[in-house]
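Colleague: I am new to this structure and would like to know the grounds for each label put on it.
Modeller: Then ask about the labels in turn.

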Amino acid sequence: MSTPATSMNALTIRLDDELFAVEASQVREILDLVPITEVPNAPAFVGGLINVRGRVVPLADLRVMFGMERPEPNEDTRIVVMEVNIGGEPTVAGILADKVHDVTDIEAASIEEAPKVGMRWRPEYVKGIGKRNGGFIIIPDMERIFETPGDRTSPAAASEERSAL
């Protein structure tokens, strides 16, 4: 058994009105919004591709997985390009962020397991909830989010898609 880390070095991003943290070691770069090529019939979660230095990279919207509203991009919208293990393979993918904040350390002692009830997010996609400066930081399980087969739309989005038919 290995000794637990004393802290998590994380990039904090804002999605809607919530603060999220992704492992800083997974982040390759942060981009201003670039042209997005829509992919017909793709799931809402990964509905586009971007060009990152000549490489085709899927662009995911975590707000879909967490059942959040999808506002129009603005001057704070960024793309976080990261390396995520999908099926044991390191894969480069981008995620949309309404705003990128900073790189910070989140003490391991302040990270708790996501509660099974009382959350608006799907608990299987949350690795933990960190506490910092009196607030909460959601730590998504990026590998689980990207590896989830099948339907990648939130229950609300799926309902909207059915009613649009």
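**Labels and their grounds**

Modeller: Among contacts in the protein between residues at least 6 apart in sequence, 56% join residues at least 24 apart. The model is a predicted one. It holds 3 helices and 11 strands, and along the sequence they follow the pattern β-β-β-β-β-β-α-β-β-β-β-β-α-α. Of the 165 residues, 43% count as buried.

Colleague: Where is confidence lowest in the protein, and where is it highest?
Modeller: The mean pLDDT of the protein is 82, and 83% of its residues reach 70 or more. Confidence is lowest in helix H3 (residues 155–164), with a mean of 37, and highest in S3, with 96. Over residues 150–165 the pLDDT is below 50, and this stretch has 15 contacts in the model beyond near neighbours in sequence. Where pLDDT is low, the predicted coordinates should not be read in detail.

Colleague: What makes Arg53 and Glu29 a salt bridge?
Modeller: The cut-off is 4 Å between a side-chain nitrogen of Lys or Arg and a carboxyl oxygen of Asp or Glu. The closest N and O atoms of Arg53 and Glu29 are 2.6 Å apart, so the pair is a salt bridge. Arg53 lies in the loop between strand S5 (48–52) and strand S6 (55–60) and Glu29 in strand S3 (residues 27–32), so the pair ties together parts that are 24 residues apart in sequence. By this rule the count comes to 8 salt bridges.

Colleague: Why is Arg53 called exposed, and why is Glu29 called buried?
Modeller: Exposed requires over 50% relative accessible area, and buried requires under 20%. Arg53 has 71% and therefore counts as exposed. Glu29 has 19% and therefore counts as buried.

Colleague: How do you know that Asp76 and Lys99 form a salt bridge?
Modeller: Their side chains meet at 3.9 Å, N to O, and the limit is within 4 Å. The pair links distant parts of the chain: Asp76 is in the loop between helix H1 (62–65) and strand S7 (78–86), Lys99 is in strand S9 (residues 99–107), and they are 23 residues apart.

Colleague: Which residues do salt bridges with shared partners join into one network?
Modeller: Asp61, Arg63, Arg70 and Asp98 are joined in this way. Within that group, Arg63 and Asp61 meet in a salt bridge at 3.0 Å, N to O. The side chain of Asp61 also makes a polar contact with the side chain of Arg70, at 3.1 Å.

Colleague: Why is Asp61 called buried?
Modeller: The relative accessible area of Asp61 is 3%, which is under 20%, so Asp61 is buried. Asp61 is found in the loop between S6 and H1. Leaving aside neighbours within four places in sequence, Asp61 is in contact with Phe45, Arg70 and Leu96.

Colleague: Why does Asp141 have no salt bridge?
Modeller: Arg144, the nearest side chain of opposite charge, is 4.4 Å away, and a salt bridge must be within 4 Å, so none is counted for Asp141. Asp141 sits in the loop between strand S11 (135–140) and helix H2 (142–147). Residues up to four places away not counted, Asp141 touches Tyr125, Val126 and Lys127.

Colleague: Why is the aromatic pair of Phe20 and Phe66 called tilted?
Modeller: The rings are 5.2 Å apart, centre to centre, which is within 6.5 Å, so they pair. Their planes are at 50°; under 30 degrees would be stacked and over 60 edge-to-face, so the pair is tilted. Phe20 lies in strand S2 (residues 18–23) and Phe66 in the loop between H1 and S7, so the pair ties together parts that are 46 residues apart in sequence. At 0% relative accessibility, Phe20 counts as buried, and Phe66, at 2%, counts as buried.

Note on methods. Residues are numbered from 1 along each chain as its sequence is written. This is a predicted model: local features need pLDDT of at least 70, side-chain atom pairs count only at pLDDT 80 or more; totals for chains, interfaces and linings use all residues. Side-chain values use heavy atoms; hydrogens and water are left out. Helices (H or I, at least four residues) and strands (E, at least two) are DSSP runs, numbered from the N terminus. Buried means under 20% relative accessible area, exposed over 50%, partly exposed in between (1.4 Å probe, protein chains only). Lys and Arg count as positive and Asp and Glu as negative; His and the chain ends are not counted. Contact means heavy atoms within 4.5 Å. A polar contact is a pair of N or O atoms within 3.5 Å; within protein, one must be able to donate a hydrogen and the other to accept it, and residues adjacent in sequence count only if both atoms are side-chain atoms. pLDDT is the predictor's confidence in each residue, from 0 to 100. Rings of Phe, Tyr and Trp (its six-membered ring) pair if their centres lie within 6.5 Å; planes under 30 degrees apart count as stacked, over 60 as edge-to-face and the rest as tilted.
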